[in-house]
Amino acid sequence: MPLGLFAFLAALALIGAFGVILQSNPVHCVLALALVLMDLGVLFMGLGAVTVGFLQIVVYVGAIMVLFLFIIFLLNIQPDPGDKLHLGWKLFGALAAAAMAAEFEEIFLKTPILGRIHTIPADFGSVASLARSLFTDYLVAFEVTSVLLLAAIVGAIALARRVAPPLALVVADPSRSTLATPPPAPPTVERKSA
């Protein structure tokens, strides 16, 4: 992959990631996250893992993001009407950003430079190697993730379902009930007999 294309895709992923955390509308956040995940899939394809890139796009963008959109629509989540963040939340966010910047500095400055180039296997990124790795080394994590997604779907449906209030068993007084009295008879006209 050319370095210029990689830099463009990396910048696009960063812009989308900032869009996820800075947007106030939840639908716009999910669409920005879909852009990031699609961009990562293209990066995987450009780095030689074509199968992983297609799976990234199909599974995450095509399935998980659609599930997120359905949950947002079912729960009818509205954006915040105003910027009413308390000072404590802003301080917590600033401390978290500083901690993440310190972690990035530690990663980038303390990582040793590789002295030799490692070769990758010939079947790297193929369906066979992915399936072998997924169903041998990561089988438990794969199954736990599927159960977790199923629980998330059931939870979203349970939260979105409108529950009617229980009916109270009240015995009405028959003298005051409108159903107990028969409807009034229509007025009759009396004829005088001659």
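A residue counts as exposed when its relative accessible area is over 50%, as buried when the value is under 20%, and as partly exposed in between. The exercises below use this scale on a predicted model.

**Exercise 1. Classify both partners of the salt bridge between lysine 110 and glutamate 106.**

Solution. 
Step 1. Find the pair. The structure holds 1 salt bridge. The side chains of lysine 110 and glutamate 106 form this bridge, at 3.9 Å from N to O.
Step 2. Check the distance. A salt bridge needs a side-chain nitrogen of Lys or Arg within 4 Å of a carboxyl oxygen of Asp or Glu. The N to O distance here is 3.9 Å, so the pair qualifies.
Step 3. Place the residues. Both sit in helix 4 (residues 87-110), 4 residues apart, so about one helical turn separates them.
Step 4. Apply the scale. Lysine 110 has 58% relative accessibility, so lysine 110 is exposed. Glutamate 106 has a relative accessible area of 45% and is therefore partly exposed.
Background: side chains of opposite charge can pair when their charged atoms come close.

**Exercise 2. Describe the geometry of each aromatic pair.**

Solution. 
Step 1. Count. The whole structure contains 2 aromatic pairs.
Step 2. Take phenylalanine 104 and phenylalanine 108. Their ring centres are 6.1 Å apart and their planes meet at 25°. Planes under 30 degrees apart count as stacked, so this pair is stacked.
Step 3. Phenylalanine 104 is partly exposed at 43% relative accessible area. Phenylalanine 108 is exposed at 65%.
Step 4. Take phenylalanine 135 and phenylalanine 142. Their centres are 5.5 Å apart, with planes at 85°. An angle over 60 counts as edge-to-face, so this pair is edge-to-face.
Step 5. Apply the scale again. Phenylalanine 135 is partly exposed at 46% relative accessibility. Phenylalanine 142 is also partly exposed, with a relative accessible area of 33%.

**Exercise 3. Which residues form the largest nonpolar core, and which elements give two or more of them?**

Solution. 
Step 1. List the members. The largest nonpolar core has 8 residues: Val30, Ala34, Leu37, Val61, Ile64, Met65, Leu69 and Ile72.
Step 2. Assign them. Helix 2 (26-46) and helix 3 (50-75) are the elements that supply two or more residues to this core. Helix 3 gives the most, with 5 residues.
Step 3. Inspect one member. Beyond its neighbours within four places in sequence, alanine 34 is in contact with Val61 and Met65.
Background: in soluble globular proteins, nonpolar side chains tend to be buried together.

**Exercise 4. Which residues form a nonpolar patch on the surface?**

Solution. 
Step 1. Name the patch. Its members are Met1, Leu3, Leu5, Phe6, Phe8 and Leu47. Together they have about 620 Å² of accessible area.
Step 2. Look at one member. Phenylalanine 6 belongs to helix 1 (residues 3-22).
Step 3. Test its accessibility. Patch members need over 30% relative accessible area. Phenylalanine 6 has 35%, which makes it partly exposed.

Definitions and conventions. Residues are numbered from 1 along each chain as its sequence is written. This is a predicted model: local features need pLDDT of at least 70, side-chain atom pairs count only at pLDDT 80 or more; totals for chains, interfaces and linings use all residues. Side-chain values use heavy atoms; hydrogens and water are left out. Patches are made of residues with over 30% relative accessible area and no salt bridge: like charges are joined within 9 Å, nonpolar side chains (Val, Leu, Ile, Met, Phe, Trp, Tyr) within 5 Å. Accessible areas come from the Shrake-Rupley method with a 1.4 Å probe; for residues, only the protein chains shown count as cover. Buried means under 20% relative accessible area, exposed over 50%, partly exposed in between (1.4 Å probe, protein chains only). A nonpolar core is a set of buried Ala, Val, Leu, Ile, Met, Phe, Trp, Tyr and Cys residues joined through side-chain atoms within 4.5 Å. Contact means heavy atoms within 4.5 Å. Rings of Phe, Tyr and Trp (its six-membered ring) pair if their centres lie within 6.5 Å; planes under 30 degrees apart count as stacked, over 60 as edge-to-face and the rest as tilted.
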